[in-house]
Amino acid sequence: KETIIHWFGGEPLLHKDIISKISSSLKDVLTHSILHTNGYAMDSQFINSLEVLKIKQIRVTLDGPKSIHDKRRKLKGGKGTYEKIKSNLSSIVNSNNNISIIISTNIDKLNIDQYEFLLKDIESFSGKVQLNVNRTFIGNKCEMTELDTFNKSEFNKKSEKLYDQIIDKNLGEFFMPKQLLNICQADNQFS
């Protein structure tokens with residue numbers, strides 16, 4: 001029997017102390033854990049503790065290449081987060097940890113034509129980072145409209161070229177069928 005913890009919700013790295021306490025208290029039964037994060041707060045101390053915390057996979061969300069991501073995911077003062085996240089991912093890739101890194105990315109009409117730049121950045125990690133593609137779902141904090149997002153049929157048609165590139169470059173998290181219907185939904189439009 002496996003015991004796996006998924007750390008997610010808000011930003012789990014805002015509470016590294018809780019991750020450490022729970023992981024320590026479950027060390028005899030915990031098989032491994034998976035961290036879902038924005039990737040911004042992964043400092044060297046945390047990266048060095050990944051093995052002790054039994055974190056075997058890290059899933060980081062990037063909403064496209066730097067030009068798109070930094071418009072959507074910025075700090076309170078407006079500064080973009082892409083370069084810091086990329087640096088943190090490089091630190092993990094170059095560490096002695098055997099960690100699986102998955103970049104989850106959300107596709108919509110505003111960013112689909114920019115993915116060649118994100119693919120180049122992922123390629124720079126020498127095959128140690130994989131990509132998982134999701135369809136963006138409109139949420140009340142996304143500052144997007146329904147005109148900006150794809151319905152399932154549009155997504156399947158528009159993302160086919162991207163899937164082919166991901167498969168050709170061996171950057172996919174798993175074999176990615178052409179009709180993948182994943183949805184990224186952090187918010188409900190009516191919440």
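**A guided walk through the structure**

Let's begin at Phe-155, which counts as buried because its relative accessibility is 0%. The model you are looking at is predicted, so please read every value here as computed from that model.

Why does Tyr-163 count as buried? Its relative accessible area is 0%, and the buried class takes in residues under 20%, so Tyr-163 belongs there. Phe-155 falls under the same cut-off with its 0%. These two residues also meet through their rings. A pair of aromatic rings is described by the distance of the centres and the angle of the planes. For rings to pair, their centres must lie within 6.5 Å, and by this rule the count comes to one aromatic pair. That pair is Phe-155 with Tyr-163, with 6.5 Å from centre to centre and 90° between the planes. Planes over 60 degrees apart count as edge-to-face, so this pair is edge-to-face.

Now step back and take in the whole chain. It has six helices and six strands, and reading along the sequence gives the pattern β-α-β-α-β-α-α-β-α-β-α-β. Of the 191 residues in the chain, 43% are buried.

Glu-2 sits in the segment before strand S1 (4-7). Is Glu-2 buried or exposed? Its relative accessible area is 57%, so Glu-2 is exposed. Although Glu-2 and Thr-31 are 29 residues apart along the chain, their C-alpha atoms are separated by 5.7 Å. You will find Val-29 in the loop between helix H1 (16-25) and strand S2 (32-37), where it counts as partly exposed because its relative accessibility is 49%. Val-29 and Lys-1 are 28 residues apart along the chain, and 9.3 Å separates their C-alpha atoms.

Lys-54 is not a glycine, yet its phi is positive, near 60°. Its place is in the loop between helix H2 (44-48) and strand S3 (55-61), and with 23% relative accessibility Lys-54 counts as partly exposed. Asn-170 also has a positive phi, of about 55°, although it is not a glycine either. Asn-170 is in the loop between H6 and strand S6 (183-184). A relative accessible area of 58% means that Asn-170 is exposed.

What lies 2.7 Å from a polar atom of the Thr-105 side chain? It is the backbone oxygen of Leu-62.

Leu-62 is one of the residues that line it, together with Tyr-82, Lys-86, Leu-89, Ile-103, Leu-118, Asp-121, Ile-122 and Phe-125. Helix H4 (82-93) and helix H5 (115-123) are the elements that give two or more residues to this lining. By class, the lining has seven nonpolar residues, no polar ones and two charged ones.

The last stop is an open space, the second largest pocket, which holds about 230 Å³. Among the residues that line the pocket are Lys-109, Ile-112, Asp-113, Tyr-115 and Glu-116. The lining also includes Phe-150, Lys-158, Lys-161, Leu-162 and Gln-165. Both H5 and helix H6 (152-168) supply at least two residues of this lining. Which element gives the largest share? That is H6, with four residues. Sorted by class, the lining of this pocket has four nonpolar, one polar and five charged residues. H5 is therefore a helix to remember, for it contributes to the lining of the largest cavity and also to the lining of the second largest pocket.

How values were computed
Residues numbered from 1 in each chain as written. Predicted model: local features only at pLDDT ≥ 70, side-chain atom pairs only at ≥ 80, totals over all residues. Heavy atoms only, no water. Phe/Tyr/Trp six-rings, centres within 6.5 Å; stacked < 30°, edge-to-face > 60°. Buried < 20%, exposed > 50% of the residue type's maximum accessible area, 1.4 Å probe, protein only. 1 Å grid on protein atoms, 1.4 Å probe; cavity = no way out; pocket = protein on both sides within 12 Å on 5 of 7 lines; lining within 4 Å. Nonpolar A, V, L, I, M, F, W, Y, C, P; charged D, E, K, R; others polar. Points joined across faces, edges and corners; volume = space filled by probe spheres on them. Polar contact = N/O pair within 3.5 Å; in protein donor to acceptor, adjacent residues only side chain to side chain.
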